[in-house]
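The sequence and the structure are shown first.

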Amino acid sequence: MTSDLAGQARRFAKELQETLNGTVCQHVRISAVLRPRSAVGPVFTLGHGLSANNPTQPTAFPLRIDNKKPRSWMNLSFQVRLDDEGEFLTVHSSYCGIFTDESLETCLLHWDYEREKEKYTSAHVQVYGWSPALEALNQNNDQKRSLDKLHIPVGGKRFRPCIEDAIEFLVTERLADGREGWQKRVEEGRNRYRRGQLLAMMRRHPDVVKEYLEGLPDEDE
């Protein structure tokens, strides 16, 4: 099972690497490394700067398409394993943070996904900054929280954002430069991701598939 997981994890890592280097990065290497221990069975960590000596803590990489000084940095991590049937690759957790420095001291926001999270929605985004509205709401709240402590839902397990959504956000909001043709790569990757999520939904909910097929008009009509 571990060998099949390794192959699927490395293919996913290659897809991430090609997407990043084809849009907002250059020379970024995304590796897939087996975690030493995991409570859910074999798990691979995907990210930049991973090795046998560093199997769990990806390092940041600059968002730039040339040799100019980068304006922003990304820290990316995926924990992947096989599904309960031991057949398809599934994401156990993921993290994508945007920072203004390589040391990751100043964060703009980060997207998170944690499967089977209990306290808050599994897929969420956390934004750093100051909100006058939140300050006003905190006046009548015993548990005052800063903006970055709010877990804003983003689509749940099946419809959460993908790396292509983050790339589109970065380029269209002028937080990073995009290579020529970045839109095509983003659209292709996003379609691939959404198709995979749709197939997973169909496997888990065959009753919905049956309901849809039964509602189709007969060809003879």
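Met-74 touches Leu-20, Thr-59, Ala-60, Phe-61, Leu-63, Cys-96, Gly-97, Ile-98, Ile-163 and Leu-170, where residues up to four places away in sequence are not counted and a contact means heavy atoms within 4.5 Å. The model is a predicted one, in which local features need pLDDT of at least 70, side-chain atom pairs count only at pLDDT 80 or more, and totals for chains, interfaces and linings use all residues. Residues are numbered from 1 along each chain as its sequence is written, and side-chain values use heavy atoms, with hydrogens and water left out.

**Core**

Met-74 also belongs to the largest nonpolar core, which has 37 residues; Leu-20, Leu-46, Phe-61, Leu-63, Met-74 and Ile-163 have the most contacts inside it. Such a core is a set of buried Ala, Val, Leu, Ile, Met, Phe, Trp, Tyr and Cys residues joined through side-chain atoms within 4.5 Å. Buried stands for under 20% relative accessible area, exposed for over 50%, and partly exposed for values in between (1.4 Å probe, protein chains only). Helix H1 (residues 2-21) supplies the largest share of this core, 7 residues. In soluble globular proteins, nonpolar side chains tend to be buried together.

**Overall architecture**

The protein chain holds 6 helices and 8 strands, taken as DSSP runs numbered from the N terminus (helices: H or I, at least four residues; strands: E, at least two). From the N terminus on, their order is α-β-β-β-β-β-β-β-α-β-α-α-α-α. Of the 221 residues of the chain, 39% count as buried. Among contacts between residues at least 6 apart in sequence, 50% join residues at least 24 apart. The C-alpha atoms fill a box of roughly 60 × 50 × 40 Å along the principal axes.

**Strand pairing**

Two strands are said to pair if DSSP finds at least two bridges between them. The table lists pairs of strands with their bridges.

| Strand pair | Sense | Bridges |
|---|---|---|
| E1 (residues 30-34) and E2 | antiparallel | 5 bridges |
| E2 and E4 | antiparallel | 4 bridges |
| E5 and E6 | antiparallel | 7 bridges |
| E6 (residues 107-114) and E7 | antiparallel | 5 bridges |
| E7 and E8 (residues 152-153) | antiparallel | 2 bridges |

Strand E2 (residues 44-48) is mostly covered, with 5 of its 5 residues buried. Phe-44, Leu-46 and His-48 point one way from E2, whereas Thr-45 and Gly-47 point the other way, and all are buried. In a regular strand the side chains alternate between the two faces of the sheet. Thr-45 in E2 stands opposite Val-33, while the bridge partner of Leu-46 is Phe-78 in E4.

Strand E6 is mostly covered as well, with 6 of its 8 residues buried. Its residue Glu-114 is the bridge partner of Ser-93. Towards E7, Trp-111 stands opposite Val-125, and Asp-112 has His-124 as its bridge partner. His-124 has a further bridge partner in E8, Pro-153. Because 4 of the 5 residues of strand E7 (residues 123-127) are buried, this strand is largely enclosed by the rest of the structure.

**Helix H4**

Helix H4 (residues 163-172) has Ile-163, Glu-164, Ala-166, Ile-167, Leu-170 and Val-171 as its buried residues. These residues cover an arc of only 155 degrees around the axis, which puts them on the same side of H4; the arc is that of the directions from the helix axis to the C-beta atoms. An α-helix has 3.6 residues a turn, so residues three or four places apart point the same way. After H4 comes Arg-174, with a positive phi near 60 degrees.

**Largest pocket**

The largest pocket has a volume of about 1200 Å³. Of the 45 residues that line this pocket, Phe-12, Leu-89, Val-91, Tyr-193 and Gln-197 are the closest to its centre. On a 1 Å grid over the protein atoms alone, a pocket is an open set of points where a 1.4 Å probe fits, with protein on both sides within 12 Å along at least five of seven lines, and lining residues have an atom within 4 Å of a point. Grid points are joined across faces, edges and corners, and the volume is the space filled by probe spheres set on the points. Helix H5 gives the largest share of the lining, 10 residues.

**Lys-14**

Lys-14 is found in helix H1. Its relative accessibility is 51%, so Lys-14 counts as exposed. The C-alpha atoms of Lys-14 and Arg-145, which lie 131 residues apart along the chain, are separated by 39 Å.
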